[in-house]
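Visitor: I would like to go through this model term by term. Please tie each label to its cut-off.

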Amino acid sequence: MIDGQGRTIRYLRLSVTDRCNLSCVYCRSAACNEAPREDLLSFEEIVQAVRIACELGIDRVRITGGEPLVRRGISGLIRMLREGCPIADLSLSTNGLRLAELAGELKRAGLDRVNVSLDSLSPDRFRRITRGGDLGEVLAGIEAAQEAGLAPVKLNTVAMRGINDEELVELALFALDRGLTIRFIELMPVGEAVASGLWPAAHLPVPEVRRLLAAELPLLPAEAAPGNGPARYFRVEGYPGAIGFIAPLSEPFCADCNRIRLTAAGELRPCLAHDHGLSLREPLRKGNEVTVRKLFLQAVNTKPSGHGWGESQETTTPMADLGG
Ligand code: SAM
């Protein structure tokens, strides 16, 4: 699919639930609205939507949420996607809490790789950022993912001024030592980050993060790790891991954006920063594939040229719906 700006759209971010077992300070409030269960797409409806998306040119799919590993039967969905859709790269983003338990079965079901969110290596700070998360469970999950061969295992770290900036080098070394790829992400003005007032005070531009790391680690430009994303990668001599930076605000990559999003309730969203979408739910429930196909093309056609955050730093988009 080619959008109105000439960008080829081949990457689908598929949210399978808007629920989460954490409430990170920049992502969702503890009392987040969740869609009624009957509004969620069933596994069969998800596979039907993804199969049509693949027929239209999507070949990379990332399963996300909310927290995708809280959706019951998630490995079954992965197996169904593998059997029903020609996906070249099937990945999943998780907070890692249930990964130690599920990594093996996710791999056996056909998942290629995982990204795990990790914003701190201090158990107390981790608990504060995630509002209750247990760091030990996430670290065990990362290890289990590596053992299961969900490679490359990538870590996503939101770099935040005054929150975790003093341990970014430690986080980088944690990844470098273990052969993991860590990506430092700029705080974005979405969801709870705005509501909690974290934005803009905690926004730490990537060039600053890069300088901070480069002062302690000699960063050498590297090939991109397998994936589809906007990260720029570096390595450090003598370490098996890699470091990436994702800078949606200070180094925007909208001109190369290749993605579209499908929410758990079946809404197609062409851009993370805009909450307008087109609902596939009814046509999927009626088995009306012609309409589903048209809606995909329509959504891609209306994809904005950019996130627009530089123009107005306000947004009301609830991150839980966005499938990060
Ligand atoms: N629960 C899964 C996880 O933890 O990866 C998937 C969903 S989560 C919304 C996806 C990613 O979005 C996480 O890595 C999270 O750190 C990131 N994220 C959420 N809110 C953000 C914000 N305001 N700015 C930057 N990244 C954000």
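Visitor: First, in which strand is threonine 94 found?

Guide: Threonine 94 is found in strand 3. Strands are DSSP runs of E with at least two residues, helices are runs of H or I with at least four, and both are numbered from the N terminus. Note that this is a predicted model: local features need pLDDT of at least 70, side-chain atom pairs count only at pLDDT 80 or more, and totals for chains, interfaces and linings use all residues. Residues are numbered from 1 along each chain as its sequence is written, and side-chain values use heavy atoms, with hydrogens and water left out.

Visitor: Why is threonine 94 called buried?

Guide: Buried means under 20% relative accessible area, exposed over 50%, and partly exposed in between (1.4 Å probe, protein chains only). Threonine 94 has 2%, so it is buried.

Visitor: What makes the pairing of threonine 94 and glutamate 67 a polar contact?

Guide: A polar contact is a pair of N or O atoms within 3.5 Å; within protein, one must be able to donate a hydrogen and the other to accept it, and residues adjacent in sequence count only if both atoms are side-chain atoms. The side chains of threonine 94 and glutamate 67 are joined at 2.7 Å. The threonine 94 side chain also reaches the backbone nitrogen of glycine 96, at 2.8 Å.

Visitor: Which residues is threonine 94 in contact with, leaving aside neighbours within four places in sequence?

Guide: Contact means heavy atoms within 4.5 Å. On that basis threonine 94 touches Glu67, Leu69, Leu99, Asn115, Val116 and Ser117. Valine 116 is 22 residues away along the chain, yet its C-alpha atom is 5.1 Å from that of threonine 94.

Visitor: How do you know that the buried residues of helix 2 line one face?

Guide: Helix 2 spans residues 74–84, with Ile74, Ser75, Leu77, Ile78 and Leu81 buried. They fall within an arc of 155° seen down the axis, so they line one face of helix 2. The arc is that of the directions from the helix axis to the C-beta atoms. An α-helix has 3.6 residues a turn, so residues three or four places apart point the same way. The cover over the buried residues of helix 2 includes strand 1 (11–15) and helix 1 (43–55).

Visitor: What puts the buried residues of helix 4 on the same side?

Guide: In helix 4 (residues 123–130) the buried ones are Arg125, Phe126, Ile129 and Thr130. Their arc around the axis is only 120°, which puts them on the same side of helix 4. They pack against helix 5 (135–148).
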